[in-house]
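Here are my notes on this one, written as numbered points. Keep the viewer open while you read.

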Amino acid sequence: MILDEAVDPGDILVAPDAIPRTWTFEEILAQPNAGQLLPATVRWFEDRYTVTLDWPDECYVNHSFAPTGLWHLGFIFAATRLAAGTEITVDYRHLLAPGQAEDFHDAESGRPIVGFTWKESLRASSQALLGLLG
């Protein structure tokens, strides 16, 4: 996703809508088509995930270890002042299950992308958001 206009730090770039259900990771893994579901799975809080096979716009946000967007409980906030034309990226480690490795590595560093624990994710994103708004 590319920004159409400049935004300020802390501005909301993506907000959740139309979330019909959340699943535990174990429920997703127990499905006969779990392999198809995992790439469309996003952690929102604790051990609750959405599965969206129809790929809404927010699914087109790419990963970065130095993201332009801050993922926090399903919202994406501008991490800094961003100019029009900037690509929105987030750290996928917030979206994955604890210890779950993405099928690909970080394009810039080559490092694996492995999910944070819930506490790590919540602590890091909360501190970052407070820093943006403080």
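1. Let's start with a term. On a 1 Å grid over the protein atoms alone, a cavity is a set of points where a 1.4 Å probe fits but cannot get out, and lining residues have an atom within 4 Å of a point. A volume is the space filled by probe spheres set on the points, with grid points joined across faces, edges and corners.

2. Now some ground rules. This is a predicted model, where local features need pLDDT of at least 70 and side-chain atom pairs count only at pLDDT 80 or more, while totals for chains, interfaces and linings use all residues. Residues are numbered from 1 along each chain as its sequence is written, and side-chain values use heavy atoms, with hydrogens and water left out.

3. The structure has 1 cavity of 30 Å³ or more, and the largest cavity has a volume of about 40 Å³. Have a look at its lining: Arg43, Trp44, Trp71, His72, Leu73, His94, Trp118, Ser121, Leu122 and Ser125. β2, β5 and α3 are the elements that each give two or more residues to it (helices, H or I, of at least four residues and strands, E, of at least two are DSSP runs, numbered from the N terminus). The largest share, 4 residues, comes from α3.

4. What about the open sheet? Its 3 strands come in the order β1-β6-β5, with antiparallel pairing (two strands pair if DSSP finds at least two bridges between them). At the edges sit β1 (12–14) and β5 (69–72), each pairing on one side only. β5 and β6 (residues 75–78) are joined by 4 bridges, and Leu70 has Phe77 as its bridge partner in β6. Helix α3 (residues 118–133) packs on this sheet and touches β5 and β6.

5. Next, β2 (residues 41–45): 4 of its 5 residues are buried (under 20% relative accessible area; exposed is over 50%, partly exposed in between, with a 1.4 Å probe and protein chains only). β2 runs antiparallel to β3 (residues 48–51), with 4 bridges joining them; Phe45, for instance, has Arg48 as its partner in β3. The two strands form a hairpin with 2 residues between them, and Glu46 in the turn has a positive phi of about 40°.

6. Finally, is Arg93 buried or exposed? Arg93 counts as buried because its relative accessible area is 19%. You'll find Arg93 in the loop between β7 (89–90) and β8 (101–105). Beyond its neighbours within four places in sequence, its contacts (heavy atoms within 4.5 Å) include Arg43, Phe65 and Arg111.

Technical notes. Axes are lines fitted to C-alpha atoms, for helices over the stretch in contact, and angles run from 0 to 180 degrees between N-to-C directions. On a 1 Å grid over the protein atoms alone, a cavity is a set of points where a 1.4 Å probe fits but cannot get out, and a pocket is an open set with protein on both sides within 12 Å along at least five of seven lines; lining residues have an atom within 4 Å of a point.
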